[in-house]
Amino acid sequence: SQQIVSEFAEYMGLGEKDIKKLRLAIHYEDMGMIKLSESFMIRGRSRTPEETEQIRAHVQHSNKLAKQFEELYPIADIILYTHENWDGNGYPEHRIGCHIPMASRIIRIVNNYVYWSTPTLVGSNLTKEEAKKRLQQYSGQMYDPDLIPKFLKFLEKTGY
């Protein structure tokens, strides 16, 4: 994910400072998961509503942890908003559209594409083409509709 996010940011014309922030944020965004019981990860997706809320709180935990380190402090808010949806149905603050930091919107797209298209025990194991179609399907809902075509062109160019 770090490699793809930094190459996409470069493709988008972002500067070195922004690319470094993106690389750090995508690396540390889930560090708040450490507050969850190990059984959450072992059990998979079968969860009670209370457990789902505990998992969603990981972004707030990650944000608080990042604020404790000088190197990570500048990316704390990027981390906080990586699960917000373009239409406001994400979490933790239900931010809408451009009220979500650009870096968080980029991370959301890259993480989901990598999660869907990389075979793992817990991943969706979609083909790259299926993952691209899913990104298009949720453009304007989960994802910034201006970023999706750019990301798809980037994927076509790079072969990711």
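A: One term to begin with: contact here means heavy atoms within 4.5 Å. Also note that this is a predicted model.

Q: Fine. Which residues of α8 meet α9?

A: From α8 they are Lys132, Leu135 and Gln136, and on the α9 side Ile148, Phe151, Leu152 and Leu155. By class, that contact has five nonpolar residues, one polar and one charged.

Q: Where do those two helices sit in the numbering, and at what angle do the axes cross?

A: Helix α8 covers residues 128-137 and helix α9 covers residues 147-158. Their axes come within 10 Å and cross at roughly 165 degrees.

Q: Parallel or antiparallel, then?

A: Roughly antiparallel, because angles over 145 degrees count that way and α8 and α9 therefore fall in that class.

Q: Left-handed or right-handed crossing?

A: The crossing of α8 past α9 is left-handed.

Q: What about α7 and α9, how do the axes cross?

A: Helix α7 runs over residues 102-117, and its axis comes within 11 Å of the α9 axis, with a crossing of roughly 50 degrees. The two helices are therefore oblique to each other. The crossing of α7 and α9 is right-handed.

Q: Which residues make that contact?

A: α7 brings Met102, Arg105, Ile106, Ile109, Val110 and Tyr113. α9 brings Leu147, Ile148, Phe151 and Leu155. By class, the contact of α7 with α9 has nine nonpolar residues, no polar ones and one charged.

Q: And α2 against α7, what's the geometry there?

A: Helix α2 spans residues 16-28, and the axes of α2 and α7 come within 10 Å and cross at roughly 55 degrees. That makes α2 oblique to α7. The crossing of α2 and α7 is right-handed.

Q: Who touches whom in that pair?

A: In α2 the residues are Leu22, Ala25 and Ile26; in α7 they are Ala103, Ile106, Ile107, Val110 and Asn111. The contact of α2 with α7 divides into seven nonpolar residues, one polar and no charged. Ile106 and Val110 of α7 are in this contact, and Ile106 and Val110 also meet α9.

Q: Switching to the backbone. Which peptide bond is cis?

A: The bond from Tyr91 to Pro92 is cis, with omega near 15 degrees. Pro92 is in the loop between α6, residues 76-80, and α7.

Q: Which non-glycine residue has a positive phi?

A: His94 has a positive phi, about 55 degrees, and is not a glycine. His94 also lies in the loop between α6 and α7.

Q: What lines the largest cavity?

A: Its lining is made up of Glu84, Asn85, Trp86, Ile100, Ser104, Arg105, Arg108, Met142, Tyr143 and Asp144. Arg105 is in this lining, and Arg105 is also among the α7 residues that meet α9.

Q: How does the lining divide by class?

A: The lining of the largest cavity has four nonpolar, two polar and four charged residues.

Conventions
Residues are numbered from 1 along each chain as its sequence is written. This is a predicted model: local features need pLDDT of at least 70, side-chain atom pairs count only at pLDDT 80 or more; totals for chains, interfaces and linings use all residues. Side-chain values use heavy atoms; hydrogens and water are left out. On a 1 Å grid over the protein atoms alone, a cavity is a set of points where a 1.4 Å probe fits but cannot get out, and a pocket is an open set with protein on both sides within 12 Å along at least five of seven lines; lining residues have an atom within 4 Å of a point. Ala, Val, Leu, Ile, Met, Phe, Trp, Tyr, Cys and Pro count as nonpolar, Asp, Glu, Lys and Arg as charged, and the others, Gly among them, as polar. Axes are lines fitted to C-alpha atoms, for helices over the stretch in contact, and angles run from 0 to 180 degrees between N-to-C directions. Helices (H or I, at least four residues) and strands (E, at least two) are DSSP runs, numbered from the N terminus. Angles under 35 degrees count as roughly parallel, over 145 as roughly antiparallel, 65 to 115 as roughly perpendicular and the rest as oblique. A crossing is left-handed if the near helix is turned anticlockwise from the far one by less than a right angle, and right-handed if clockwise.
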